[in-house]
Amino acid sequence: MTQKRKAMEFDWQYKHLLGLRDLSAEHIDFILDTAEGFEQISTRSVKKAPPLRGKVVVNLFFEDSTRTRNSFALAASRLSADVIEFTKKDSSVSKGETLLDTARNLESMGVDIVVIRHSAAGAPKLLSRSINACVVNAGDGYCEHPTQGLLDVYTIRKHKGTLEGLKIAIVGDIAHSRVARSDMWAMTKLGAEVTFVAPPTLMPAEVGKLPVKFSYSLDEVIDRVDVINMLRIQFERLGGNPFPSVREYSHYFGLTVERMKKAKSDILVMHPGPINRGLEMESEVADGRNSVILDQVRNGIAVRMAVLFLVNQAAAQQNV
Amino acid sequence: MTTILDRKQISRAIAEMAGEIVKDLPPGASVAAVGIRSRGEIIAQRLAEKLAELLDADVPCGTLDITLYRDDLNSPSQTPQPQVRTTEIGFSIDDKIIILVDDVLYTGRSTRAALDALIDLGRPRYIKLAVLVERAGREFPIQADYIGYKADVEVGKVVQVNLMESDGKDEVVIE
């Protein structure tokens with residue numbers, strides 16, 4: 001082992017993960033393969049390994065998040081990094097500091113990896129051009145949420161073996177969903193056929209230009225998909241009245257026990273969380289035997305460990 | 001390129017190591033083999049089979065990926081980049097006698113990483129190191145307990161262990 005190893009297939013060269021749009025299928029598969037190696041760390045007695053020992057990861061969250069922020073924090077600490085939590089509310093941002101000033105200040109403190117969530121699309125990219133640290137996008141505007149896309153395809157691959165040839169429906173508030181976009185890139189690159197399902201008011205205007213099919217009726221697609229990803233209705237982002245009433249939305253676009261009867265028996269039911277129970281999904285379905293929602297949460301940690309590990313590896317090679 | 005072990009010699013070396021290991025085992029001990037990816041994994045499997053034969057008992061065998069424990073992860077000149085793969089040890093190592101297996105013992109750095117990786121999985125009764133080939137050049141105070149073959153290799157040369165399962169044939173060569 002300490003001698004020269006035989007040539008390996010792949011060198012990961014990106015010190016930032018900004019989105020999945022610009023990654024190839026090989027890149028995505030490589031991240032997923034790497035994540036496999038991290039999965040068991042979370043199940044053993046010492047839930048820690050040393051590869052990021054002495055590194056500092058900052059969770060720079062300008063938007064609320066519980067799941068993603070905790071998942072990144074756990075991932076970083078399981079790799080032995082130190083984690084700084086930074087939220088908008090209790091920081092200098094509320095005193096008027098700009099994003100770049102905040103980031104440069106953090107960098108002066110010796111931060112190695114910045115995990116950023118921001119309401120402005122492109123904020124992670126801007127950051128990556130301005131600082132030396134690695135940048136990982138944890139959600140920017142309606143643009144991308146790459147680690148969610150990765151953990152979704154990881155979860156599907158675990159259950160179905162491959163994404164090649166699968167039919168996948170993504171249902172709900174597509175227009176305001178960065179998850180839908182990252183999912184779309186990851187799933188289509190890995191060979192799945194993706195259908196966006198939403199009422200016209202929640203469908204992105206540019207849907208015709210995206211590599212997906214689309215439908216305004218869940219009943220039309222429910223019986224032929226292998227995977228269904230139910231997005232959360234993001235009341236905090238909705239302006240105006242995109243649908244007449246919550247009950248009506250639920251009637252046409254909710255995943256109910258009744259509607260599940262039309263689905264394939266081995267359909268995977270996914271949700272990026274947090275669930276509005278009874279709205280996009282009935283409780284019996286969320287907790288039912290087809291649901292892999294908690295697997296997604298678990299897999300999210302392994303996938304984020306892989307991403308943090310890989311961007312750090314790339315940085316180590318480049319900072320010669 | 002010089003061949004130092006052929007198929008028969010490899011097989012005999014593994015059988016001899018298994019014999020020595022069994023001789024040293026305390027009565028009633030529970031033993032398992034753990035191989036370091038990737039060649040160590042294959043040698044560990046063969047060794048575990050031999051041990052099972054000699055002991056007439058099950059000898060579990062697992063695979064350890066030591067990538068996350070390497071001491072050169074943050075050094076820039078890693079070519080090729082180390083790849084993380086899975087650790088597959090489907091049994092508890094607590095209180096077991098663990099035979100840690102690698103193909104070649106050279107600097108001792110892999111062994112150091114493997115020991116750290118192992119103790120994060122539990123607390124074995126003790127760990128012994130078995131290697132198919134040993135060569136000089138230790139950079140850490142580590143030595144093998146069971147050695148298949150002591151090779152006299154010039155600095156700069158590489159001992160390459162090829163095995164049927166991964167390389168299509170069994171042989172150890174110096175390149």
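Analyst: One criterion comes before the rest: axes are lines fitted to C-alpha atoms, for helices over the stretch in contact, and angles run from 0 to 180 degrees between N-to-C directions.

User: Which residues meet where H1(B) and H2(B) pack, and how do they divide by class?

Analyst: From H1(B) come Ile14(B), Ala15(B), Met17(B), Ala18(B), Gly19(B), Ile21(B) and Val22(B), and these meet Ile43(B), Arg46(B), Leu47(B), Lys50(B), Leu51(B), Leu54(B) and Leu55(B) in H2(B). The residues of this contact divide into eleven nonpolar, one polar and two charged.

User: What makes H1(A) roughly perpendicular to H11(A)?

Analyst: H1(A) and H11(A) pack at an angle of about 115°, with their axes 8 Å apart. The range that counts as roughly perpendicular is 65 to 115 degrees, and so H1(A) is roughly perpendicular to H11(A). Their crossing is right-handed. In H1(A), Ile31(A), Thr34(A), Ala35(A), Phe38(A) and Glu39(A) meet Ala302(A), Val303(A), Met305(A), Ala306(A), Val307(A), Phe309(A) and Leu310(A) in H11(A); by class, that contact has ten nonpolar, one polar and one charged residues.

User: What is the angle between H3(A) and H4(A), and why is H3(A) called oblique to H4(A)?

Analyst: Helix H3 (residues 99-108) of chain A packs with helix H4 (residues 123-130) of chain A at an angle of about 50°, their axes being 10 Å apart. Since 65 to 115 degrees is the roughly perpendicular range and angles under 35 count as roughly parallel, the value makes H3(A) oblique to H4(A). The crossing of the two is right-handed. Leu99(A), Leu100(A) and Ala103(A) in H3(A) meet Ala123(A), Leu127(A) and Ser130(A) in H4(A), a contact of five nonpolar, one polar and no charged residues.

User: How is chain A divided into domains, and what builds the side of domain 1 that touches domain 2?

Analyst: Chain A is divided into domain 1 (16-144 + 298-318) and domain 2 (146-297), whose centres, taken over C-alpha atoms, are separated by 25 Å. In contact are 24 residues of domain 1 of chain A and 23 residues of domain 2 of chain A. Helix H1 (25-39), strand E5 (134-140) and helix H11 (293-318) of chain A are the elements that give two or more residues to the domain 1 side, and H11(A) supplies the largest share, six residues. By class, that side has twelve nonpolar, six polar and six charged residues.

User: Where are the cis peptide bonds, and what is the phi of Ser80(A)?

Analyst: A cis peptide bond joins Gly273(A) and Pro274(A), with omega about -10°, and Pro274(A) is in the loop between strand E10 (268-270) and helix H10 (283-286) of chain A. Another cis peptide bond joins Arg37(B) and Ser38(B), with omega about -5°; Ser38(B) is in the loop between strand E2 (31-36) and H2 of chain B. Phi of Ser80(A) is near 75°, a positive value in a residue other than glycine, in the loop between helix H2 (67-78) and strand E3 (82-87) of chain A. Most residues other than glycine have a negative phi, and most peptide bonds are trans.

User: How confident is the predictor in chain A and in chain B?

Analyst: Chain B has a mean pLDDT of 94, and 98% of its residues reach 70 or more, while chain A averages 91, with 94% of the residues scoring at least 70. Over residues 1-8 of chain A, pLDDT stays under 50. Where pLDDT is low, the predicted coordinates should not be read in detail. The model scores ipTM 0.88 and pTM 0.92.

How values were computed:
Residues are numbered from 1 along each chain as its sequence is written. Chains are lettered from A and ligands numbered from 1 in the order in which they are written. This is a predicted model: local features need pLDDT of at least 70, side-chain atom pairs count only at pLDDT 80 or more; totals for chains, interfaces and linings use all residues. Two residues are in contact if their C-beta atoms, placed from the backbone, lie within 7 Å. Helices (H or I, at least four residues) and strands (E, at least two) are DSSP runs, numbered from the N terminus. Ala, Val, Leu, Ile, Met, Phe, Trp, Tyr, Cys and Pro count as nonpolar, Asp, Glu, Lys and Arg as charged, and the others, Gly among them, as polar. Domain bounds come from an automatic or database domain assignment. pLDDT is the predictor's confidence in each residue, from 0 to 100. Angles under 35 degrees count as roughly parallel, over 145 as roughly antiparallel, 65 to 115 as roughly perpendicular and the rest as oblique. A crossing is left-handed if the near helix is turned anticlockwise from the far one by less than a right angle, and right-handed if clockwise.
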